[in-house]
Amino acid sequence: MSGSSDVFKGLCWVSVMSCLLLACSYVGSLYVWRSDLPRDHPTVIKRRFTSVLIVSGLSPLFVWAWRDFTGVRTGPSLLALMGIRFEGLIPAIILPLLLTMVLFLGPLMQLAMDCPWSFIDGIRVAFDPWFWMLCFSDMRWLRNQVVAPLTEELVFRACMLPMLVPCAGPSVAIFTCPLFFGVAHFHHVIELLRFRQGTLSGIFLSAVFQFSYTAVFGAYTAFIFIRTGHLIGPVLCHSFCNYMGFPAISAALDHPNRLTILSSYLLGVVLFLLFLLPFTDPYYYVLPTPVCTLTSSRSFLCLS
């Protein structure tokens, strides 16, 4: 009994250290370039694209090395474990994003009321190739909507969860994985201090808030990843949330249509809680989801 306990502890130690090394590699790649320019400067963004894409491209090797070192038997392929597969792809594209939009019903209502465009104008812009050319030529947009969601979800969800689930189980892994994600965002504090963007106490409070927000968001996308077994859902949800930002509740309280918007906020939360399990039911994504094959525990997260 003691021998099996030691093996389990060894597995957990290797899993946690592998995740920590992967997180450090991701964040460290952002600082291999020496520059006195701020993080939003196009030159800085382009350089960081290069380094972070290299680390993200190599991140599956961490999972491969972990599997080889620990001897954990995986039925599905490495790519399937990381959520890169075709089974259940269409529901994985639509349902998690729709669920996230339901949660943001209040902010979406607020955005629609304040938008000077009509609905038809919005549709025209969405199908205008020139609009998308402008978006993809904007380095900040490309970072926030494409590169950051894709690389962060690949590293912090698709690579880390397969290493954590055999050790901690799906339920605990959902809340462990975001800690690496939240801590990884503390590097923004370095730049705020470096460029003196605010007071020390203000920067500290901003860091605590960002850690809390990213940890909660990370738990949500980890939940989606385990329930659906797909990477695409977390990536799209991440991109959408980056676009929306944190809900402007204070602006909603001062809005002329305050009652309508606040009711939308409340309705969105209620509907989100009602649809959370049905929209992520593993039945739609082909049972069992690959990452759930790594555990013997019958967690509700893996059950239809």
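Modeller: Helix α12 supplies 7 residues to the lining of the largest pocket, the largest share. This is a predicted model.

Biologist: What makes a residue count as part of the lining of a pocket?

Modeller: A lining residue has an atom within 4 Å of a pocket point. For the largest pocket, 27 residues line it, and Leu-111, Gly-122, Ala-126, Phe-131 and Tyr-243 lie nearest its centre. The volume of this pocket is about 1200 Å³.

Biologist: Which helices each supply at least two residues of that lining?

Modeller: They are α4 (89-103), α5 (105-114), α6 (119-126), α7, α8 and α12 (232-244).

Biologist: Why is α7 called roughly perpendicular to α8?

Modeller: Helix α7 covers residues 129-137 and helix α8 covers residues 139-168. They pack at an angle of about 90°, and their axes are 5 Å apart. Angles of 65 to 115 degrees count as roughly perpendicular, so α7 is described that way relative to α8.

Biologist: Which residues meet where α7 packs against α8?

Modeller: From α7 there are Trp-132, Cys-135, Phe-136 and Ser-137; from α8 there are Met-139, Trp-141, Leu-142 and Val-146. By class, the contact has 7 nonpolar residues, 1 polar and no charged.

Biologist: Where does the record place the feature "transmembrane region"?

Modeller: The unreviewed UniProt entry places it at residues 12-33, 45-66, 86-105, 154-181, 202-226, 232-252 and 259-279. Such annotations may be inferred rather than shown by experiment.

Biologist: What does the model give for residues 12-33 and for residues 86-105?

Modeller: Residues 12-33 are 82% helix and 0% strand, with end C-alpha atoms 33 Å apart. Residues 86-105 are 80% helix and 0% strand, with end C-alpha atoms 30 Å apart.

Biologist: Which residues are joined by a cis peptide bond?

Modeller: Leu-287 and Pro-288 are, with omega about -15°. Pro-288 is in the segment after α14 (258-279).

Biologist: What phi does Val-286 have?

Modeller: Val-286, although not a glycine, has a positive phi of about 75°. Val-286 also lies in the segment after α14.

Definitions and conventions: Residues are numbered from 1 along each chain as its sequence is written. This is a predicted model: local features need pLDDT of at least 70, side-chain atom pairs count only at pLDDT 80 or more; totals for chains, interfaces and linings use all residues. Side-chain values use heavy atoms; hydrogens and water are left out. Axes are lines fitted to C-alpha atoms, for helices over the stretch in contact, and angles run from 0 to 180 degrees between N-to-C directions. Helices (H or I, at least four residues) and strands (E, at least two) are DSSP runs, numbered from the N terminus. Angles under 35 degrees count as roughly parallel, over 145 as roughly antiparallel, 65 to 115 as roughly perpendicular and the rest as oblique. Contact means heavy atoms within 4.5 Å. Ala, Val, Leu, Ile, Met, Phe, Trp, Tyr, Cys and Pro count as nonpolar, Asp, Glu, Lys and Arg as charged, and the others, Gly among them, as polar. On a 1 Å grid over the protein atoms alone, a cavity is a set of points where a 1.4 Å probe fits but cannot get out, and a pocket is an open set with protein on both sides within 12 Å along at least five of seven lines; lining residues have an atom within 4 Å of a point. Grid points are joined across faces, edges and corners, and a volume is the space filled by probe spheres set on the points.
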